[in-house]
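Trainee: I have the model open and would like to work through it piece by piece. Can we start with the strands?

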Amino acid sequence: MKWTLKLGTFAGIDVYLHTTFFLLIGWIGISYWLQENSVIAALAGVAFILALFASVVLHEYGHALTARKFGVKTRDITLYPIGGVASLERIPEEPKQELWVALAGPLVNVVIAAALFLGLLVTGNLAPLNTMSVTGGTFVERLMVTNLALVGFNLLPAFPMDGGRVLRSLLAMRLDYTQATQIAASVGQGMAFI
(Lines give C-alpha, C1' and ligand atoms only; values in the text may rest on other atoms or scores of the structure.)
Protein backbone atom coordinates (compact mmCIF):
# COMPACT_ATOMS: atom_id res chain seq x y z
CA MET A 1 0.00 0.00 0.00
CA LYS A 2 1.37 3.39 -0.97
CA TRP A 3 2.14 5.94 1.73
CA THR A 4 1.56 3.49 4.57
CA LEU A 5 3.68 1.83 7.23
CA LYS A 6 2.71 -1.57 8.55
CA LEU A 7 2.31 -1.49 12.34
CA GLY A 8 1.74 -5.22 12.63
CA THR A 9 -0.77 -8.01 12.28
CA PHE A 10 -3.24 -8.58 15.08
CA ALA A 11 -5.99 -11.23 15.05
CA GLY A 12 -4.94 -12.00 11.47
CA ILE A 13 -5.59 -8.43 10.26
CA ASP A 14 -2.79 -6.16 9.03
CA VAL A 15 -2.80 -2.69 10.59
CA TYR A 16 -1.28 0.21 8.63
CA LEU A 17 -0.50 3.80 9.46
CA HIS A 18 -0.81 6.33 6.65
CA THR A 19 2.32 8.49 6.58
CA THR A 20 0.23 11.68 6.75
CA PHE A 21 -0.50 10.65 10.34
CA PHE A 22 2.94 12.02 11.21
CA LEU A 23 1.73 15.48 10.13
CA LEU A 24 -0.97 15.25 12.80
CA ILE A 25 1.53 14.13 15.44
CA GLY A 26 3.89 16.98 14.50
CA TRP A 27 1.09 19.54 14.49
CA ILE A 28 -0.19 18.39 17.92
CA GLY A 29 3.32 18.40 19.40
CA ILE A 30 4.13 21.87 18.06
CA SER A 31 0.73 23.27 19.12
CA TYR A 32 1.14 22.05 22.69
CA TRP A 33 4.74 23.26 22.83
CA LEU A 34 3.78 26.73 21.57
CA GLN A 35 0.86 26.95 23.99
CA GLU A 36 2.73 25.74 27.08
CA ASN A 37 6.35 26.37 26.01
CA SER A 38 7.17 22.95 27.42
CA VAL A 39 8.49 19.70 25.96
CA ILE A 40 6.50 17.83 28.64
CA ALA A 41 3.27 19.46 27.41
CA ALA A 42 4.16 18.58 23.80
CA LEU A 43 4.80 14.96 24.77
CA ALA A 44 1.54 14.86 26.77
CA GLY A 45 -0.38 16.13 23.73
CA VAL A 46 1.21 13.52 21.49
CA ALA A 47 0.54 10.80 24.09
CA PHE A 48 -3.12 11.78 24.19
CA ILE A 49 -3.45 11.56 20.40
CA LEU A 50 -1.75 8.16 20.43
CA ALA A 51 -4.14 6.94 23.16
CA LEU A 52 -7.07 8.31 21.18
CA PHE A 53 -5.92 6.46 18.07
CA ALA A 54 -5.48 3.28 20.11
CA SER A 55 -9.22 3.67 20.78
CA VAL A 56 -9.77 4.15 17.04
CA VAL A 57 -7.87 0.91 16.31
CA LEU A 58 -10.05 -0.94 18.83
CA HIS A 59 -13.13 0.66 17.23
CA GLU A 60 -12.08 -0.67 13.82
CA TYR A 61 -11.40 -4.10 15.32
CA GLY A 62 -14.96 -4.02 16.64
CA HIS A 63 -16.17 -3.75 13.03
CA ALA A 64 -13.66 -6.29 11.71
CA LEU A 65 -14.21 -8.99 14.31
CA THR A 66 -17.99 -8.66 14.13
CA ALA A 67 -17.80 -8.93 10.34
CA ARG A 68 -15.64 -12.03 10.75
CA LYS A 69 -18.39 -13.57 12.88
CA PHE A 70 -20.67 -13.24 9.83
CA GLY A 71 -18.09 -14.75 7.46
CA VAL A 72 -16.77 -11.43 6.10
CA LYS A 73 -13.00 -11.02 6.10
CA THR A 74 -11.18 -7.74 6.63
CA ARG A 75 -8.32 -6.98 4.24
CA ASP A 76 -6.67 -4.49 6.58
CA ILE A 77 -7.15 -1.58 8.94
CA THR A 78 -5.57 1.75 8.03
CA LEU A 79 -5.19 4.75 10.34
CA TYR A 80 -5.40 8.22 8.83
CA PRO A 81 -5.17 11.59 10.59
CA ILE A 82 -8.97 11.83 10.43
CA GLY A 83 -9.70 8.31 11.73
CA GLY A 84 -9.48 4.67 10.81
CA VAL A 85 -10.88 2.42 8.10
CA ALA A 86 -11.47 -1.32 8.33
CA SER A 87 -11.48 -2.52 4.70
CA LEU A 88 -14.01 -5.34 4.61
CA GLU A 89 -13.85 -7.69 1.62
CA ARG A 90 -17.59 -7.31 1.12
CA ILE A 91 -20.74 -6.01 2.75
CA PRO A 92 -22.54 -8.53 4.97
CA GLU A 93 -25.38 -10.24 3.10
CA GLU A 94 -28.16 -9.60 5.61
CA PRO A 95 -29.18 -6.09 6.72
CA LYS A 96 -29.19 -7.25 10.36
CA GLN A 97 -25.58 -8.36 9.96
CA GLU A 98 -24.59 -4.99 8.51
CA LEU A 99 -26.38 -3.33 11.41
CA TRP A 100 -24.32 -5.27 13.95
CA VAL A 101 -21.07 -4.64 12.07
CA ALA A 102 -21.83 -0.90 11.90
CA LEU A 103 -22.76 -0.69 15.60
CA ALA A 104 -19.81 -2.76 16.81
CA GLY A 105 -17.23 0.04 16.43
CA PRO A 106 -19.17 2.66 18.43
CA LEU A 107 -20.02 -0.01 21.04
CA VAL A 108 -16.29 -0.54 21.55
CA ASN A 109 -15.94 3.18 22.31
CA VAL A 110 -18.82 2.94 24.79
CA VAL A 111 -17.03 0.05 26.54
CA ILE A 112 -13.75 2.01 26.63
CA ALA A 113 -15.52 5.07 28.08
CA ALA A 114 -17.32 2.90 30.65
CA ALA A 115 -14.05 1.24 31.70
CA LEU A 116 -12.37 4.64 32.09
CA PHE A 117 -15.38 5.92 34.06
CA LEU A 118 -15.23 2.93 36.40
CA GLY A 119 -11.47 3.39 36.81
CA LEU A 120 -11.97 7.02 37.79
CA LEU A 121 -14.84 6.10 40.11
CA VAL A 122 -12.98 3.27 41.87
CA THR A 123 -9.83 5.34 42.37
CA GLY A 124 -11.84 8.30 43.68
CA ASN A 125 -10.61 10.55 40.86
CA LEU A 126 -13.97 11.11 39.19
CA ALA A 127 -14.62 14.81 38.75
CA PRO A 128 -18.17 16.14 38.46
CA LEU A 129 -19.45 15.13 35.02
CA ASN A 130 -20.48 18.68 34.12
CA THR A 131 -16.84 19.82 34.45
CA MET A 132 -15.46 17.28 31.97
CA SER A 133 -14.74 18.12 28.35
CA VAL A 134 -12.59 17.06 25.44
CA THR A 135 -10.11 19.85 26.20
CA GLY A 136 -10.23 20.07 30.00
CA GLY A 137 -9.55 17.69 32.83
CA THR A 138 -7.13 14.87 33.40
CA PHE A 139 -5.76 12.66 30.65
CA VAL A 140 -8.17 9.83 31.53
CA GLU A 141 -11.18 12.17 31.78
CA ARG A 142 -10.44 13.66 28.37
CA LEU A 143 -9.96 10.20 26.85
CA MET A 144 -13.30 9.08 28.29
CA VAL A 145 -15.14 12.15 26.97
CA THR A 146 -13.43 11.85 23.59
CA ASN A 147 -14.51 8.21 23.27
CA LEU A 148 -18.10 9.30 23.95
CA ALA A 149 -17.72 12.08 21.38
CA LEU A 150 -16.52 9.46 18.87
CA VAL A 151 -19.69 7.47 19.50
CA GLY A 152 -21.88 10.50 18.83
CA PHE A 153 -19.93 11.58 15.76
CA ASN A 154 -19.76 8.08 14.24
CA LEU A 155 -23.49 7.54 14.67
CA LEU A 156 -24.46 10.63 12.67
CA PRO A 157 -26.54 9.28 9.76
CA ALA A 158 -23.96 10.36 7.19
CA PHE A 159 -23.20 7.50 4.81
CA PRO A 160 -20.59 5.92 4.60
CA MET A 161 -19.93 6.57 8.30
CA ASP A 162 -21.23 4.08 10.86
CA GLY A 163 -24.49 5.96 11.40
CA GLY A 164 -25.13 6.00 7.66
CA ARG A 165 -24.52 2.26 7.52
CA VAL A 166 -26.92 1.79 10.43
CA LEU A 167 -29.50 3.84 8.53
CA ARG A 168 -28.94 1.84 5.33
CA SER A 169 -29.25 -1.48 7.13
CA LEU A 170 -32.49 -0.39 8.82
CA LEU A 171 -33.90 0.82 5.50
CA ALA A 172 -32.76 -2.39 3.76
CA MET A 173 -34.91 -4.39 6.16
CA ARG A 174 -37.95 -2.90 4.37
CA LEU A 175 -36.65 -1.62 1.02
CA ASP A 176 -34.54 -2.86 -1.86
CA TYR A 177 -30.83 -2.67 -0.95
CA THR A 178 -30.04 -0.26 -3.82
CA GLN A 179 -32.87 2.06 -2.81
CA ALA A 180 -31.77 1.90 0.84
CA THR A 181 -28.22 2.84 -0.20
CA GLN A 182 -29.47 5.77 -2.31
CA ILE A 183 -31.57 7.14 0.56
CA ALA A 184 -28.73 6.73 3.07
CA ALA A 185 -26.31 8.42 0.66
CA SER A 186 -28.75 11.32 0.15
CA VAL A 187 -29.13 11.77 3.90
CA GLY A 188 -25.32 11.69 4.14
CA GLN A 189 -25.02 14.40 1.52
CA GLY A 190 -27.56 16.48 3.45
CA MET A 191 -25.54 16.01 6.62
CA ALA A 192 -22.38 17.08 4.79
CA PHE A 193 -24.17 20.19 3.52
CA ILE A 194 -25.37 21.04 7.05
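Trainee: How many bridges join E3 to strand E4?

Mentor: Strands are DSSP runs of E with at least two residues, helices are runs of H or I with at least four, and both are numbered from the N terminus. Two strands pair if DSSP finds at least two bridges between them. E3 and E4 (residues 83-88) run antiparallel, and the number of bridges joining them is six.

Mentor: A word on the source. This is a predicted model, where local features need pLDDT of at least 70, side-chain atom pairs count only at pLDDT 80 or more, and totals for chains, interfaces and linings use all residues. Residues are numbered from 1 along each chain as its sequence is written, and side-chain values use heavy atoms, leaving out hydrogens and water.

Trainee: Which residue in E4 is the bridge partner of aspartate 76?

Mentor: Aspartate 76 lies in strand E3, residues 74-80. E3 forms a hairpin with E4, with two residues between them. Across in E4, the bridge partner of aspartate 76 is serine 87.

Trainee: Which side chain of opposite charge is nearest to aspartate 76?

Mentor: Lys and Arg count as positive, Asp and Glu as negative; His and the chain ends are not counted. A salt bridge needs a side-chain nitrogen of Lys or Arg within 4 Å of a carboxyl oxygen of Asp or Glu. Aspartate 76 is buried (under 20% relative accessible area; exposed is over 50%, partly exposed in between, with a 1.4 Å probe and protein chains only). Aspartate 76 has no salt bridge, and the nearest side chain of opposite charge, 5.4 Å away, is arginine 75.

Trainee: How far apart are the end C-alpha atoms of helix H3?

Mentor: H3 covers residues 95-123, which is 29 residues. The expected span is 1.5 Å times one less than the number of residues. That gives 42 Å, and the model agrees, because the end C-alpha atoms are apart by 42 Å.

Trainee: Where in H3 does the kink lie?

Mentor: The bend at a residue is the angle between axes fitted to the seven residues ending there and the seven starting there. In H3 the kink is about 35°.

Trainee: Is asparagine 37 buried or exposed?

Mentor: Asparagine 37 sits in the loop between helix H1 (21-36) and helix H2 (39-69). Its phi is positive, near 55°, though the residue is other than glycine. At 60% relative accessibility, asparagine 37 counts as exposed.
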